[in-house]
Amino acid sequence: MTCTAEDLVRALRAVAAAVADHRAELTELDRVIGDADHGENLRRGFLAVVTKVDSADLDTPTAVLKAVGTTLISTVGGASGPLYGTAFLRAANAVTEKSEVDGPAAAEALRAALGGVVARGRAEIGDKTMVDALSPAVDAAVAAAEAGGDVAAVLAAAAEAADRGAESTTPLVARKGRASYLGERSAGHLDPGARSTALILRALASSAGAR
Amino acid sequence: MTVGLVLVSHSAKLAEGLAELAAQMAPDVPVLPVGGAPDGGLGTDYDAVGAAVDRADRGDGVVLLYDLGSARMTAELVVEGLNDPRRAHVVEAPFVEGAVAAAVAAQGGADLDGVVAAAATAAGEAGGVAGGVAGGPEAEFAAGAAAVTTAPTTEAGTPEAGGDERGPGLSAEVVLRNEVGLHARPAALLARSVADLDAEVVVEYAGAAVDARSVLALMGLNARGGDTVTVRAWGRQADQALRRVQELAERRFDE
């Protein structure tokens, strides 16, 4: 099974719905160690994404992903705009000239997205950021693709690893982002960016798996 | 023409206030504040930053300064998205000190690289002014910065000890006849008065010697009204530099 532009648009609607459903949770996580806007920022961003991909005539996965990236950059406002925006733009670049994304291409897109997030945010594993969810997700996705997994299998593996990666941020002391100003006091709380990364990957995986 | 500045903040009020402060010392420099998220709340607005860069660019390029992490990311994305990314630079510098230093450098006719350098070195001068911060690497940094300001630097940025191969240069004792001494506005006037000269100019006071083109370093001398400073200059227009500073002091810095 592969993923066309149309499948991707459907998956993005699922992401927007998941983000809206978890808005309060994300904002609460961000209230404790950040600036309490993560849930609302992402909700607004993915709402704009759905409007954008519904209104524009986007017939390739790369075109859809690029539209997502630019829309998030323009609408989110907080750090997650440039970070997720860069992630989707890099993913778009990784799947150019493909009309359908298969398992290996999905893993490659995730790997490119991680590269973008690391470059933009200058964060490493263990800094208590979305990298802590995305990085193990990429490893799992690559392994699943190498084992012959299709898009659904690759995304399911990524989502699973991202969940665990997000949970691993709880004991960490933040070294990047707004939470880093709290120093030791940031320990004991789940990182909202890692949580939203896991949420987005889970929604993408569920959408792919439902087909 | 002059290099333009774009100040990217999470807060519209913060950006506007800083633009007001920077523009006071640089009346001819386009200083554009951009603050707040697309919905008007706290945050950064990619499209607004892009529009501000376009408006600030008078052909000599634009320097962007930012307050916190996501403002940096947004500024970097805007620069990467330009047709010619070389026409704009995002500078890592303290927001307030960097903006003031950049504005004064641009007012003095510095090119894009010169304004970037002025903003980027503002961190060290601010450390020197504060006289050192207690604890950790910051104290080390401030101490290092203070050491730099006591040894005048050449244009190439190489620290040189007093009595070096440049010779003693020309010097003049200047009495600060204005009330506030080398405070912000007079310091900016002094820096501007020598900015376009082919001369290296240093102001010495209380054992410290600082670059006369750096407003923040001048302010850091803490020279008050009634104090006497020594102005020292090297280079082809050294005598003119001394004359201009003397004239400025005699006019009481137009107070």
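Trainee: Which residue in E8(B) is the bridge partner of B:Val174?
Mentor: Keep in mind that this is a predicted model. Strand E5 of chain B covers residues 170–175, and six bridges join E5(B) to strand E8, residues 228–234 of chain B, with the two running antiparallel. Within E8(B), the bridge partner of B:Val174 is B:Val229.

Trainee: Why is one side of strand E5 and of strand E7 of chain B left without a neighbour in the sheet?
Mentor: The four strands of this open sheet come in the order E5-E8-E6-E7 in chain B, with antiparallel pairing. Strand E5 (170–175) and strand E7 (208–211) of chain B therefore have one side without a neighbour in the sheet, because they stand at the edges, each with a single partner strand.

Trainee: At about what angle does helix H9 of chain B run to E5(B)?
Mentor: Helix H9, which spans residues 238–250 of chain B, lies across E5, strand E6 (200–205) and E8 of chain B. Taking its direction against that of the strand, H9 runs to E5(B) at about 5°.

Trainee: Which residue of E4(B) is the bridge partner of B:Leu64?
Mentor: Strand E3 of chain B, residues 62–66, is joined to E4(B) by three bridges, and the two strands run parallel. For B:Leu64, the bridge partner in E4(B) is B:Val90.

Trainee: Turning to chain A, are H1(A) and H3(A) roughly parallel or roughly antiparallel?
Mentor: Helix H1 (residues 5–21) and helix H3 (residues 38–55) of chain A pack at an angle of about 155°, with their axes 9 Å apart. Angles over 145 degrees count as roughly antiparallel, so H1(A) and H3(A) are roughly antiparallel.

Trainee: How many residues of the contact of H1(A) with H3(A) are nonpolar?
Mentor: From H1(A) the contact includes A:Val9, A:Leu12 and A:Arg13, while from H3(A) it includes A:Leu42, A:Phe46 and A:Asp54. Among the residues of this contact three are charged and no polar ones occur, and the nonpolar residues number 11.

Terms used
Residues numbered from 1 in each chain as written. Chains lettered and ligands numbered in written order. Predicted model: local features only at pLDDT ≥ 70, side-chain atom pairs only at ≥ 80, totals over all residues. Heavy atoms only, no water. Pairing = 2+ DSSP bridges. Axes fitted to C-alpha atoms, helices over the stretch in contact; angles between N-to-C directions. Parallel < 35°, antiparallel > 145°, perpendicular 65-115°, else oblique. Contact = heavy atoms within 4.5 Å. Nonpolar A, V, L, I, M, F, W, Y, C, P; charged D, E, K, R; others polar.
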